[in-house]
Amino acid sequence: MARVTLRSLTKRYPGGVTAVDALDLEIADGEFFALLGPSGCGKTTLLRTIAGLEAATTGQVIIDDVDVTRLPPGDRDIGMVFQDYALYPHMTVQDNIAYPLKVRKVNKDERRGMAADAAGNLQLGELLERRPGQLSGGQQQRVAVARAIAYQPRLFLFDEPLSNLDAQLRVEARTFLKRLQAEIGVTTVYVTHDQSEALALADRMAVMQRGRVRQLATPEEVYRRPNSLFVASFIGSMPMNLLDAEVVDGALDIAGSRLSLPPDSAEHVTSGDRVVFGSRPEFATLHDEPVDNALEGQVAVAELLGNSYLLTVEGSGLQMRAVAAEAAPNGTRVWVTFDEANCLLYRRDDGGLVGSPRVEGDEAVDADAPRVAAARQ
Amino acid sequence: MRGCSDTVSGVPMRPGRGFAVSQQTVLTAFMVLALFPIVLMWLTALKTSAELATNPFGLPEQWRFDNFAETWRQGNFAVYLRSSVIVVVPVVAGALALSVLAGYAFGRFRFRGRGVLFAVFLLGIMVPTEGLIIPLYYFMDDLSLLNTYWALILPQIALSTSFGAFWMRAFFADVPGELVDAAAVDGAGPLTTLWRVLLPLARPALGTLSVLLFMWTWNEFLLALVLVQDESVRTLPVALSFFQNQYTAQVPLLAAASTIVSFPILVIYALLHRRFIEGMVAGSVKG
């Protein structure tokens with residue numbers, strides 16, 4: 001079990017790219033911590049720097065009050081699961097799992113026992129004599145996890161371990177990982193680009209962009225109150241509705257329609273502010289006749305989600321998405337209202353949540369980029 | 001080599017019956033071309049000179065196995081075989097060890113001067129032995145190593161290592177980085193990683209390299225001719241050439257001598273050819 005502290009950790013590559021930028025982070029003992037972000041945001045570099053596979057340019061990695069910044073990976077007492085599993089192809093499952101123990105000079109009987117325990121834990125008991133090439137993807141993934149847990153490290157690092165599994169297996173493996181982590185209680189840092197994985201697994205998560213943490217919170221908080229347009233557009237399996245709006249006389253003007261201000265945003269804005277109105281499709285309601293506080297449009301696409309439909313509504317140059325129990329034929333005129341408690345307002349210039357501190361210069365500019373991309377989808 | 005027969009320059013095609021037949025024909029033709037001189041050499045080695053004149057291509061009327069014994073005795077091949085073995089074993093072993101270490105360094109580590117150093121290694125492949133032989137002669141003379149096994153062993157280790165490092169570097173650079181990372185996380189240092197993780201995977205590449213190094217060293221002629229005059233240190237290829245000058249008229253004995261000299265190469269190749277091919281095509285078939 002371990003507490004991980006990062007102090008102004010920076011990783012700059014020889015080419016001049018700064019992958020991790022003066023990052024401060026504290027990961028609590030026993031916590032399941034997810035690092036989430038688009039590709040190239042520095043999350044994998046950060047994980048590899050914690051592991052010692054990349055050398056930090058400046059700053060410190062501290063595990064349990066010990067500065068490990070200059071220690072080689074093998075001396076940090078960590079277990080790591082890689083995206084492609086990185087099993088040793090010439091060794092049997094048993095030897096793979098026992099390898100970290102063998103390197104650390106654990107005697108043969110003891111390491112066989114520990115490997116068998118780990119294998120049993122992951123339902124690999126039958127496969128001990130096989131080689132990785134004879135296993136399915138899911139089995140290989142479990143062997144990789146078994147290798148990481150067998151020697152009982154104080155910190156687990158996962159680098160997108162589920163991304164090579166097919167969708168169904170991925171959900172199974174996810175549940176399994178969460179249960180396993182809860183049972184053994186080892187501090188875990190989990191890198192993923194899949195927001196649903198981070199939401200499902202983590203106790204706490206960091207959303208990263210350009211080597212910096214944009215939001216650090218529980219999954220619930222990140223989902224309900226993304227603190228910037230970047231996080232808002234990145235989180236959620238269905239893209240959030242993000243609509244340009246202007247504050248006019250204590251209400252919102254969205255393409256000529258009036259919506260009342262979300263209650264907790266009202267005090268932070270004044271008339272004339274240019275903002276972005278955000279609300280998730282799950283919190284939108286469709287009406288088939290005019291109502292107050294609604295945006296009007298026509299149904300353009302209806303997609304079946306399972307027990308509900310995702311409807312795309314277009315009108316007045318706006319595009320909105322709403323989850324509805326029933327499908328509506330294309331062209332149906334509808335009025336969309338949004339659950340006020342779940343509406344957010346962002347400043348249009350820097351992309352921050354109204355009332356939050358302003359985001360510094362360079363990141364404010366591209367806060368807009370993901371929103372444009374999301375709107376085009 | 002799956003995927004070879006049904007893909008021609010990236011365009012998938014369904015191999016028809018005609019394709020299979022013509023493929024077999026071409027391969028058979030190449031096999032005949034490759035085997036003909038060898039078989040002819042064997043047959044010649046088993047005939048008398050008189051019979052060779054009247055029946056150069058047919059089977060011998062009387063199989064003269066004594067030719068081999070006679071050649072062996074007259075050519076003093078026991079001495080030369082011993083010399084060849086004494087040279088080949090340390091050259092192959094030494095060059096393999098150095099190639100692995102150098103290839104590992106070039107393939108997996110970043111260090112100052114890596115590019116320049118690797119270019120220097122490549123010089124060893126690009127400069128022909130003919131260009132090196134005279135300076136090498138004086139160098140060996142300075143070291144008082146002329147006419148010793150060392151004069152054959154040391155330069156050949158160096159020359160072989162330049163190719164070997166190039167060959168092994170390609171292998172090590174191709175190994176997925178995650179595998180090496182996993183070993184590092186598991187606590188293995190660079191040498192443990194090399195020994196326990198990378199070398200077991202390198203077996204095909206090592207096998208191919210061993211065959212190539214063995215072949216080159218066994219067949220090496222120029223160095224052995226120039227750097228060594230003493231008969232007791234002479235290796236088989238040079239001995240064969242001297243034998244040829246002495247027995248110009250005795251073609252069957254010459255053929256027998258050639259058979260003797262080439263025999264170990266054929267045996268090694270027959271034993272290791274599967275490995276050899278694996279190593280040659282490794283990396284060419286992905287996925």
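Two residues are in contact here if their C-beta atoms, placed from the backbone, lie within 7 Å. With that rule, eight residues of domain 1 of chain B are in contact with seven residues of domain 2 of chain B. This is a predicted model, in which local features need pLDDT of at least 70 and side-chain atom pairs count only at pLDDT 80 or more, while totals for chains, interfaces and linings use all residues. Residues are numbered from 1 along each chain as its sequence is written, and chains are lettered from A and ligands numbered from 1 in the order in which they are written.

**The two domains of chain B**

- The domain assignment of chain B gives domain 1 (15–64) and domain 2 (75–285), with bounds that come from an automatic or database domain assignment.
- The centres of domain 1 of chain B and domain 2 of chain B, taken over C-alpha atoms, are separated by 31 Å.
- On the side of domain 1 of chain B that touches domain 2 of chain B, α1 (17–45) and α2 (49–54) of chain B each supply at least two residues, and α1(B) gives the most, with four residues; helices (H or I, at least four residues) and strands (E, at least two) are DSSP runs, numbered from the N terminus.
- By class, this side of domain 1 of chain B has four nonpolar, three polar and one charged residues, where Ala, Val, Leu, Ile, Met, Phe, Trp, Tyr, Cys and Pro count as nonpolar, Asp, Glu, Lys and Arg as charged, and the others, Gly among them, as polar.

- The secondary structure of chain A comes to ten helices and 20 strands, and its C-alpha trace spans about 75 × 45 × 35 Å along its principal axes.
- Buried residues make up 43% of the 377 residues in chain A, a residue being buried if 20 or more other C-beta atoms, placed from the backbone, lie within 10 Å of its own.
- The contact between the chains takes 17 residues from chain A and 14 residues from chain B.
- On the side of chain A that touches chain B, α2(A) gives the most, with three residues, and the residues of this side divide into 13 nonpolar, two polar and two charged.

- Helix α4 (residues 137–150) of chain A is largely enclosed by the rest of the structure, because eleven of its 14 residues are buried.
- The buried residues of α4(A) pack against β6, α2, α3 (108–121), β7 (155–159) and α5 (167–184) of chain A.
- After α4(A) comes Gln152(A), whose phi is positive, near 50 degrees.
- Helix α8 (residues 177–185) of chain B is mostly covered, with seven of its nine residues buried, and what covers these buried residues includes α1 (43–51) and β6 (78–81) of chain A together with α4 (77–108) and α9 (190–201) of chain B.
- Just after α8(B), Gly187(B) takes a positive phi of about 100 degrees.

- Not counting residues up to four places away in sequence, Leu157(A) touches Leu47(A), Ile50(A), Ala51(A), Ile78(A), Met80(A) and Val189(A).

How values were computed:
Buried ≥ 20, exposed ≤ 12 C-beta atoms within 10 Å, placed from the backbone.
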